[in-house]
Amino acid sequence: MPAAITAHHGTHHSSLPLVSGLCLARAGHDDGYTAASAYARRCAGEYVFEVEVDLACLEVLEVSVDAAELLRRGGDYPGDHQSERDAFVAQGVDALAYADEVLGISHQTIRLLSARALGAVTVTGVYDPA
């Protein structure tokens, strides 16, 4: 994974909620803007935050997720629960990365877990959802 990434977060919050478990959408051609827009619309949101995340000093764990199966049967994504996030952080993991999809839009989710990971975020823009 590159040292710095551009990603997006869609929400109904007027400021980026920098909390453990924050999910960012990252994709190939649009850096996750389309996926983040879909997330924003699902929660009646009006905001898509564009961020840069400096991953250079962070431990990012790539995990395998079958997003289609989770959508079919329901279930939890890695890091959905605080206790799970705390366990990852105790093991030295700052963020999780996994393949994801929303409304048929494939993307990579970067889920920030630690205070260090949240501190590596810089908001570079705020947009209306697509």
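Student: Hi! Where in the chain is confidence lowest, and where is it highest?
Tutor: The lowest confidence is in helix α2 (residues 67–73), with a mean of 78, and the highest is in helix α4 (residues 115–119), at 98. The score is pLDDT, the predictor's confidence in each residue, from 0 to 100. Helices (H or I, at least four residues) and strands (E, at least two) are DSSP runs, numbered from the N terminus.

Student: And what does the chain average?
Tutor: The average pLDDT is 92, and 97% of the residues score at least 70. This is a predicted model, where local features need pLDDT of at least 70 and side-chain atom pairs count only at 80 or more, while totals for chains, interfaces and linings use all residues. Residues are numbered from 1 along each chain as its sequence is written, and side-chain values use heavy atoms, with hydrogens and water left out.

Student: Switching to pockets: what volume does the largest pocket have?
Tutor: About 480 Å³, taken as the space filled by probe spheres set on grid points that are joined across faces, edges and corners. A pocket here is an open set of points on a 1 Å grid over the protein atoms alone, where a 1.4 Å probe fits, with protein on both sides within 12 Å along at least five of seven lines; lining residues have an atom within 4 Å of a point.

Student: Which residues lie nearest its centre?
Tutor: His 9, Gly 10, Cys 23, Tyr 39 and Arg 111, out of 27 lining residues. At least two lining residues each come from β1 (4–11), β2 (22–26), α1 (33–42), β5 (95–102) and β6.

Student: What do the buried residues of α1 pack against?
Tutor: They pack against β1, β2, β3 (47–54), β5 and β6. Ala 35, Ala 36, Ser 37, Ala 38 and Ala 40 are the buried ones in α1. Buried means under 20% relative accessible area, exposed over 50%, and partly exposed in between (1.4 Å probe, protein chains only). Just after α1, Ala 44 has a positive phi of about 55°.

Student: Now Thr 109: is it buried or exposed?
Tutor: Buried, at 2% relative accessible area. Thr 109 sits in strand β6 (residues 105–112). Beyond four places in sequence, Thr 109 is in contact (heavy atoms within 4.5 Å) with Cys 23, Leu 24, Leu 96, Ala 97, Tyr 98 and Asp 100.

Student: Which side chains make polar contacts with the side chain of Thr 109?
Tutor: Asp 100 does at 2.7 Å, and His 107 does at 3.5 Å. A polar contact is a pair of N or O atoms within 3.5 Å; within protein, one must be able to donate a hydrogen and the other to accept it, and residues adjacent in sequence count only if both atoms are side-chain atoms.

Student: What about Thr 6, which side chain is its polar partner?
Tutor: Glu 52, at 2.4 Å. Thr 6 lies in strand β1 and is buried at 19%.

Student: Last one: is Ser 106 buried or exposed?
Tutor: Exposed, at 55% relative accessibility. Ser 106 is in strand β6, and beyond four places in sequence Ser 106 touches Ala 27, Asp 100 and Glu 101.
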